[in-house]
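Work through the following exercises with the sequence and the coordinates open beside you. Each task is followed by a solution that goes step by step.

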Amino acid sequence: PEELVARRDAAAVVEQFLDTLDPEQRAVFVLAQLEGLDVPEIARTLGINLNTAYSRLRLARRRFDRVIARHAAVHS
């Protein structure tokens with residue numbers, strides 16, 4: 001039961017985070033972090049420049065790290 005609650009809480013945090021991203025960053029983040037695609041694959045899939053894909057992923061990951069840090073601080 002505790003693990004289920006923790007998973008639901010984590011899923012809610014991720015969903016809330018994804019809602020804050022613009023669609024372009026969200027697409028890259030989801031494909032990389034949730035679907036496991038590498039960045040060159042993501043760039044090809046989305047039809048974007050490779051450097052643009054790397055940039056969007058880097059920015060989204062930074063934001064995600066801040067969200068997780070805030071969440072951990074509140075729940076510790």
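Residues are called buried under 20% relative accessible area, exposed over 50%, and partly exposed in between, with a 1.4 Å probe and protein chains only. The model is predicted, so that local features need pLDDT of at least 70 and side-chain atom pairs count only at pLDDT 80 or more, while totals for chains, interfaces and linings use all residues. Residues are numbered from 1 along each chain as its sequence is written, and side-chain values use heavy atoms, with hydrogens and water left out.

**Exercise 1. Describe the chain as a whole, starting from its secondary structure.**

Step 1. Helices (H or I, at least four residues) and strands (E, at least two) are taken as DSSP runs, numbered from the N terminus. On that basis the chain has four helices and zero strands, and its pattern along the sequence reads α-α-α-α.

Step 2. For the overall dimensions, take the C-alpha trace, which spans about 40 × 20 × 15 Å along its principal axes.

Step 3. Turn next to the surface, for which accessible areas come from the Shrake-Rupley method with a 1.4 Å probe, and for residues only the protein chains shown count as cover. The accessible surface of the chain is about 5400 Å², with 53% of it belonging to carbon and sulfur atoms, and 21% of the 76 residues count as buried.

Step 4. Contact means heavy atoms within 4.5 Å. Among the contacts between residues at least 6 apart in sequence, 52% join residues at least 24 apart.

**Exercise 2. Identify the residues of the largest nonpolar core that touch the most other members, and the elements that supply the core.**

Step 1. A nonpolar core is a set of buried Ala, Val, Leu, Ile, Met, Phe, Trp, Tyr and Cys residues joined through side-chain atoms within 4.5 Å.

Step 2. The largest such core has 15 residues, of which F17, L18, L21, F29, I42 and L57 touch the most other members. The elements giving two or more residues to this core are α1 (2-20), α2 (23-34), α3 (39-46) and α4 (50-74).

Step 3. As background, nonpolar side chains in soluble globular proteins tend to be buried together.

**Exercise 3. Find how many aromatic pairs the structure holds, and classify the pair of F29 and F64.**

Step 1. Rings of Phe, Tyr and Trp (its six-membered ring) pair if their centres lie within 6.5 Å; planes under 30 degrees apart count as stacked, over 60 as edge-to-face and the rest as tilted.

Step 2. The structure holds three aromatic pairs. In the pair of F29 and F64 the ring centres are 5.4 Å apart and the planes stand at 50°, so this pair is tilted.

Step 3. Because F29 lies in helix α2 and F64 in helix α4, the pair ties together parts that are 35 residues apart in sequence.

Step 4. F29 is buried, as its relative accessible area is 4%, and together F17, F29 and F64 form one aromatic cluster.

**Exercise 4. Are Q25 and E24 buried or partly exposed?**

Step 1. Q25 lies in helix α2, and E24 lies in helix α2 as well.

Step 2. Q25 has a relative accessible area of 9% and is therefore buried, whereas E24, at 41%, is partly exposed.

Step 3. Not counting residues up to four places away in sequence, Q25 touches R56, L59, A60 and R63. For E24, the C-alpha atom is separated by 10.0 Å from that of A60, a residue 36 places away along the chain.

**Exercise 5. Which residues does H71 contact, leaving aside its neighbours within four places in sequence?**

Step 1. H71 is found in helix α4 and is partly exposed, with a relative accessible area of 23%.

Step 2. With those neighbours left aside, H71 is in contact with D9 and V13.
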